[in-house]
Every structure is written in structure tokens, then in C-alpha cells.
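Subject: Structure handover

Hello,

Here is the structure we discussed. Please open it alongside this note, which goes through the findings one by one.

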Amino acid sequence: MPYARLFTREKMGRIACFGKRFFRWIRTHSETRGYTCDRCGKEIFTYPNSRLCEECEKLLPKNRAKTCPKCGRKTVSDGVCLECKSHAPAFEIGYSPFVYHQETASLINRMKNGQPWLARYFGECMADGFFKKNAFDFESETPLVAFVPMSETRKRERGYNQAQRLAEAFCERLKAKGIETELCENMLYKRVETLSQKDLDKNTRRKNAQEAYRVQEKKLCKDRTVLLIDDIMTTSATGNACAEKLLKAGAKRVLFITACSLAEKVHENTWIDNFLLK
């Protein structure tokens, strides 16, 4: 059949690959050009250097001052947080530019549910903050960038993986600074659909995440530093589970970078919690 020879599997694969690159270029091109605040829609003329207006920027609690040297969450006092003391994560260090609270939580929720362009703002903030932190010597090594995967079912429902969008924006921001990274889209995969982490206690979260993830590109991560990207860190159960698998597969070390993290909780509904979010 002439049509069978025209549309061979190899040619269809090439067409699909080209289409994927083309639509990614369109998405990137459109997301880097705009004239309004990504949060409120107010007209701004510094876009994309500033993706949010000044008023919206002030509403997002920054993760500054005292932070846990292990997981990077905001803490009450200097030193390792209570969460890491009770269960130290497998990743070497964690970092997040924002505290997960109110406005940040709302914006993250919008990013996950129909507004994926917000990932560019968060991904760029993650790259800028991580670069300033000097937690990694980019001159001595080109890091491998991976992201926490979603199950195929969940990804089809949502239409995208927000962690992947964050990773792409993260790498593009570093590239603009002259820093090379290697983004691997298939480093990890989620083998089973798990319960929603937000509704579980910390011990159940760890068990929930422990066997959910697997490493696909074991040869690629061997003796490499992996920068693992995700949107939120609460108990660090997901980051820990992925880091354990990557280290077992041969990664030299894993650094966990998220858009935001939950501040250390010492007492429920007290002035201490309010202090942490200032």
C-alpha cells in the first residue's frame, strides 16, 4: 500500500517529535511575553522581568531569615527543624523561595489547576534564589535536573505536570545566566496512583510515597548531582522517597528544590506559627 510506505512508524515518530518541540516553543514564546500581572491581571510594563505587580509580590511570604540547613523550611530558631530531627531526609539539602501559606498556597493551587503559566514565575524565583544561595558549584559540574512525576492517569486529567513546567522554567532561567544544566524528562516515573498527600498525617505520607516512584534513567544519573524539582514541600516525604531511589540508582547526591515549603510547626494556632509566616 502506498499510504503505508508514506506513513511509516519512523516518519510518524519524527513528526510527533517535531510537533512536541514546536508546541513547546509556542508555549515558551507566549509565556515570556505579556503586559499584565500573572496573579491579578493589573497592567505592568516590566514584564517579563517582573511577572507580578508590586502589590502581589508583597503578598507572597518569602522564605528568608532562619531556615533549616537540611530541608530549607522556615524555622523558629537556628539549626535543624524538628521534622528533620525526627526523620532526616535522604536529599542533601532543600531550598524553596516561598513559604506555603495563604496567598502562596492560592497561587500554587491555580498553577496546578488550569493556569500552568504561573510555573514560569515560580521556576524563575527558584533558579534565582538557588543560584544566590551558592549551594552548588555550577562551574565544576553540570547538574542533572529531574522533577517529581505524576501518574499517567493524573497527568492526562490535568493536561500537564506542574513540576515539569517548574523544571523547564528553572533550567531556562539558569541558561539565561550562562549556566548549563541537563533536564531529563524521564528520570523518574510514578508506578502507582497514591492518595492525596495533603489529607494524610506525616507517617502515612512517608508510607504513601515510599514505593510510588522508580528511576528509569539509571545510567544517566550515575555519579551525577541531581537537582530534584517539585512544587511544595510539607513533610518532605515525596522528596525523600525520590531521593532515596535516585541515590540507590547511583546518583552522587540529590538537592531538593521546591517553589514553597511549609514552615516549621511547633504549636498549633499560636503566636509562634504567626511569627514564622512574617
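The largest nonpolar core has 39 residues. (A nonpolar core is a set of buried Ala, Val, Leu, Ile, Met, Phe, Trp, Tyr and Cys residues joined through side-chain atoms within 4.5 Å. Buried means under 20% relative accessible area, exposed over 50%, and partly exposed in between, with a 1.4 Å probe and protein chains only.) Phe 122, Phe 130, Phe 170, Leu 227, Ile 229 and Ile 257 have the most contacts inside this core. The elements giving two or more residues to it include helix H6 (118–133), helix H8 (162–176) and strand S7 (225–233). H6 gives the most, with eight residues. (Helices are DSSP runs of H or I, at least four residues; strands are runs of E, at least two; both are numbered from the N terminus.)

This is a predicted model: local features need pLDDT of at least 70, side-chain atom pairs count only at pLDDT 80 or more, and totals for chains, interfaces and linings use all residues. Residues are numbered from 1 along each chain as its sequence is written, and side-chain values use heavy atoms, with hydrogens and water left out.

Take Phe 130. Beyond its neighbours within four places in sequence, Phe 130 is in contact (heavy atoms within 4.5 Å) with residues including Tyr 95, Phe 170, Leu 227 and Ile 257. Another core, of 27 residues, lies apart from the largest one. Leu 144, Leu 188, Leu 228 and Ala 251 are among its members.

Now H8. Eleven of its 15 residues are buried. Phe 170, Cys 171 and Leu 174 are among them. So are the charged residues Arg 165 and Glu 168. Asn 161 caps the N-terminal end of H8, with a side-chain oxygen 3.0 Å from the backbone nitrogen of Ala 163. After H8 comes Gly 178, whose phi is positive, near 85 degrees.

Is Gly 159 buried or exposed? Gly 159 is exposed, with a relative accessible area of 56%. Gly 159 is found in the loop between helix H7 (152–158) and H8. Its C-alpha atom is separated by 9.9 Å from that of Lys 112, 47 residues apart along the chain.

Last, a pocket. The second largest pocket has a volume of about 340 Å³. (On a 1 Å grid over the protein atoms alone, a pocket is an open set of points where a 1.4 Å probe fits, with protein on both sides within 12 Å along at least five of seven lines; lining residues have an atom within 4 Å of a point. Grid points are joined across faces, edges and corners, and the volume is the space filled by probe spheres set on the points.) This pocket is lined by 17 residues. Arg 64, Tyr 95, Pro 97, Cys 125 and Gly 129 lie nearest its centre. H6 gives the most to the lining, with six residues.

Best wishes

Notes. A polar contact is a pair of N or O atoms within 3.5 Å; within protein, one must be able to donate a hydrogen and the other to accept it, and residues adjacent in sequence count only if both atoms are side-chain atoms.
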